[in-house]
Amino acid sequence: MALAQITDSGPIGAETTQRGGPLSRWASQHAATLILGVLLLLLPTVTGDFILVQVAGWAMILGIIALSLMFLAGYGGMVSLAQMTVAGVSGYMITVLGASSLPTISLFWPWWVAAPLAIVIAVAFGTLTGALSSRTEGIYTIMITLAIAAAFFYLTLQNWPIFNGFAGFTTIPAPVAFGINWKHPLPLYYLILFFAALSYVAVVYVSRAPFGLALQGVRDNPRRMEAIGYNVTAHRVAAYAFAALLAAVGGILMVWLNNQISPGSAGIEATIDLLVIAVVGGLGHPIGAFVGAIIYVILRTFALDALVAVGLDGRRFQTIIGLGFLVIVLFSPDGVIGLWRRWTARARSAQERNGP
Amino acid sequence: MTTAFGDDERTHAGRGDALARWIGYHPVAALIIAVVVIFAAWLVLAPWPAGFEDVFGKKRLFINALINGITLGGLYFLVASGFTLIFGLMRNVNLAHGSLYLFGGYMGYEAGQWSGSWLFGYVIAFVSCAIVGIAMQFLIFRRMEGQDLRQTLVTLGLSIVFSDLMVWVWGGNAIQIDTPDYLMGPVPTPIVVAVKSSGETVFLQYPRVRLVIFAAAVLIGVGMWLALHRTRIGVMIRAGVDDRDMLSVLGYRVQLLFVLVFAFGAGLAGMAGIVGGTFQSISLGEDSHFLLASLQVVIVGGMGSIPGAALGAIIIGCSEQLGLVYFQNYATMLTFLIMVVVLAIRPQGLLGRR
Amino acid sequence: MAKVDGAGALRPGEERPLSTIAERMTAAGTGNAIELRGVSRLFGALSALTDITLNVRPGERRAVLGSNGAGKTTLLNCVTGDFPPTAGTVRFFGEDVTMLPPHERIRRGLRRTYQISLLFQRLTVRENVYLACRGVSRGRFSFIRTRASDAIMQSVADLVSLVHLESVIDRLVGELAHGQQRQLEIALALAGAPRFILFDEPAAGLSPNERGDLVAILTALPPHIGYIIIEHDMDVALRVVESVTMMHNGRIFKEGAPHEIEADPEVQELYLGGVHA
């Protein structure tokens with residue numbers, strides 16, 4: 001069982017002989033995605049603000065950041081533990097550049113300056129991370145990125161002039177823009193949904209573009225890629241830059257949703273939880289990031305009650321996460337979507353055997 | 001060319017020549033290094049003139065930080081050498097290494113409390129961590145031979161579970177392990193700290209226990225080096241680090257070797273836990289701290305290299321302590337910068353092999 | 001043993017140099033496609049290549065032969081840039097490429113195949129060839145997907161038919177037979193506008209029929225594309241080249257035309273006396 005299998009979609013440039021225009025063809029191939037999209041659009045009609053924002057919204061944000069990890073690990077073979085850190089850099093930067101509870105540090109620049117600038121800084125940081133990890137053998141990537149993530153955590157913890165130490169910042173509201181107060185649950189939910197959908201579509205599309213295909217080639221056979229003209233290091237670093245863009249967007253949304261940021265937001269526990277999310281969901285397809293995220297958020301929201309109900313200490317959430325992670329890595333390394341694929345394949349072949 | 005775990009016998013004989021040749025090829029670098037070494041020696045050995053102290057602060061502060069850094073380096077070496085051995089031979093990035101450190105510290109503390117002996121704690125720490133290490137390698141990793149990434153993820157999962165379970169048992173309070181009476185107190189050293197106005201020179205007094213532990217770390221390091229270079233098992237380990245495929249020729253003994261190395265590395269980490277508990281304290285979060293330290297040490301010093309772990313440990317230890325004293329808000333940045341510079345110039349680490 | 005370097009310098013008392021097409025054309029003063037001067041490669045204490053001097057003309061077809069350990073693949077790797085030589089220079093069409101990384105050399109028109117097929121097992125034949133074509137063209141970092149109608153897809157289709165793999169164009173490489181994978185290796189080397197190709201034991205593991213196909217493909221290559229073919233199998237090699245370089249223990253031992261080498265008594269003693277496929 002491979003940890004990261006090739007993603008599916010047909011070969012490049014393949015012709016199909018299906019009837020109907022390109023749009024109807026696409027719709028029938030992606031029926032499940034469309035249905036999911038419609039459900040998400042209509043979610044506010046059936047749930048309250050808490051589920052909407054704290055469960056669905058938070059899951060989608062974690063999904064975006066986990067997607068950046070999946071892009072690097074699944075398509076690039078590079079397991080980067082620095083993606084949560086990139087999101088953290090982005091979150092801290094928009095806090096320092098924009099509005100917060102601390103006028104002594106924050107600059108209170110308008111969102112249309114603070115947000116893009118925060119993203120640029122975070123992407124630069126992510127690219128630097130890539131530059132540092134790309135010239136070494138694959139297994140070192142985990143080490144180097146974890147060291148970078150831990151270093152950032154300790155920096156935010158110890159540094160008061162910029163990061164306000166372990167206290168962090170509060171009151172970091174989403175802005176009022178285009179006549180809408182994006183801080184309110186309903187607009188915030190749709191804002192998050194928009195970016196989640198956009199990142200998902202972007203990653204799926206790019207995976208079959210020359211950029212994505214070259215990255216997968218680099219994953220599978222870097223020596224061969226060099227020998228057919230690709231600058232392998234450049235492709236890896238570019239992948240980190242693209243992934244950093246995703247994580248940076250996630251970081252800003254994270255700060256707007258939580259209305260606060262502190263060292264723990266992008267700390268070591270959060271970093272490792274992100275890897276757990278990506279691996280449990282499955283590194284083989286972009287949807288895995290979101291699958292993992294919703295599982296994690298549901299567990300986190302309801303674990304306390306569930307644990308107490310079976311007589312265990314409600315605070316042992318991390319043990320559950322760790323055990324769940326171990327079960328996946330030991331028995332289904334390609335994650336939940338791997339399980340899903342195998343189950344549907346078996347169901348399909350059983351159906352064919354039983355036959356008409 | 002450095003081979004695994006340091007130079008091999010062939011290059012020993014020609015070491016004097018090699019140095020002369022290197023100086024010949026890099027005259028400017030050699031001159032710069034010579035100047036730096038001489039300056040460093042003066043900083044340490046000579047009393048600082050008054051004007052110098054006005055700018056850089058008291059020499060006592062510097063010397064204390066420096067020696068703290070070196071002795072901390074001894075502690076980091078104990079943890080990181082196990083980590084680098086496990087990676088070097090089994091290509092497994094043991095992310096549970098910090099948990100082993102913490103577990104050893106707690107077990108050593110409990111053993112010390114129960115028996116009243118600090119040294120007995122070390123035995124218990126080593127044994128209990130070694131057992132955990134044996135279990136990990138024998139029960140889990142043996143079945144994932146060759147899947148480096150998967151093994152690493154398993155260590156991560158284990159570290160999550162271990163960490164939480166240890167919080168459950170020992171809580172979040174910091175535990176300080178008492179220094180035994182026979183090691184308490186300061187020891188005079190020949191290092192000049194200041195010259196009093198009466199003309200009397202003041203020498204540095206430094207805690208005995210830290211010096212003893214540092215000496216022990218050095219002994220253990222030398223012992224490991226000797227074991228790797230003078231025993232048959234050591235030769236097998238070095239061969240395995242150099243070329244893992246070759247190990248398959250050796251047959252079934254390979255798994256035994258892996259178990260031994262994992263157990264030893266884990267045991268070392270556990271003993272380091274007691275050291276850390278004595279130097280500073282142990283508590284939740286220290287596992288991440290020492291895992292990070294191990295990562296930094298091997299990134300800077302070089303993976304799979306015991307001398308590299310020693311060099312990296314001294315560098316990281318000193319940069320941490322000096323950073324705390326002189327750049328309080330940006331101490332981690334200094335260590336991070338060192339890591340970045342090494343990664344940029346020599347990605348495999350200072351003494352690492354490509 | 002007569003040691004001959006490309007320029008034909010001789011030490012007194014040694015045999016007359018074997019005259020090669022390369023030497024004659026060098027004398028005429030036109031540039032070399034590949035030029036190695038004093039190239040050595042050490043692996044620790046092991047000297048894999050010692051003081052190699054090699055000149056190959058544009059469009060020339062040369063075989064580099066020798067027993068295992070003679071240094072043939074190391075020589076190839078130095079030319080492609082997989083690792084730099086310990087000493088010496090490598091020039092490609094007059095440009096010093098000694099310190100250039102492989103992808104830079106590939107973009108200047110050099111290509112190579114591997115002794116053990118290095119293909120993308122989980123991609124289809126079409127996708128493998130596409131990657132090779134894309135690698136030497138613009139748009140490597142493009143975020144826009146390639147459409148079926150793009151020019152590059154036509155090049156891909158042409159290359160696939162050139163090596164007779166049209167029937168399996170959409171099969172995963174992992175499912176192909178060994179011989180088909182070897183053919184795909186060659187297709188990758190022909191992507192873009194190659195000026196010079198290095199073939200590393202292309203006949204390895206091929207059946208007699210497949211060897212015939214290989215010879216056909218090689219001889220059908222346009223005349224401006226030169227190649228060096230490293231081989232164990234003298235039959236295949238000597239049929240597709242016009243000059244031969246023999247290596248032994250990391251040095252060039254003899255150079256000459258195929259029939260001269262085949263007939264040479266020293267070659268027969270040293271090389272043919274042992275293994276001959």
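Chain A gives 34 residues to its contact with chain B, and chain B gives 32 residues in return. This is a predicted model. Chain A also touches chain C, with 25 residues from chain A and 32 residues from chain C. Inside chain C, two assigned domains meet as well.

**Chain A against chain B**

- Three elements of chain A each give two or more residues to the side that touches chain B: helix 6 (138-158), helix 11 (268-281) and helix 13 (317-331).
- Helix 6 of chain A supplies the largest share of this side, eleven residues.
- The side of chain A that touches chain B holds 25 nonpolar residues, six polar residues and three charged residues.

**Chain A against chain C**

- Here the elements of chain A that give two or more residues are helix 7 (185-207), helix 8 (210-220) and helix 9 (222-227).
- Helix 8 of chain A gives the most to the side that touches chain C, with six residues.
- By class, the side of chain A that touches chain C has 14 nonpolar, five polar and six charged residues.

**Inside chain C**

- Domain 1 of chain C brings eleven residues to the contact, and domain 2 of chain C brings ten residues.
- On the side of domain 1 that touches domain 2, helix 3 (102-107) and helix 7 (208-219) of chain C are the elements that give two or more residues.
- That side of domain 1 of chain C is made of six nonpolar, three polar and two charged residues.

Technical notes: Residues are numbered from 1 along each chain as its sequence is written. Chains are lettered from A and ligands numbered from 1 in the order in which they are written. This is a predicted model: local features need pLDDT of at least 70, side-chain atom pairs count only at pLDDT 80 or more; totals for chains, interfaces and linings use all residues. Two residues are in contact if their C-beta atoms, placed from the backbone, lie within 7 Å. Helices (H or I, at least four residues) and strands (E, at least two) are DSSP runs, numbered from the N terminus. Ala, Val, Leu, Ile, Met, Phe, Trp, Tyr, Cys and Pro count as nonpolar, Asp, Glu, Lys and Arg as charged, and the others, Gly among them, as polar. Domain bounds come from an automatic or database domain assignment.
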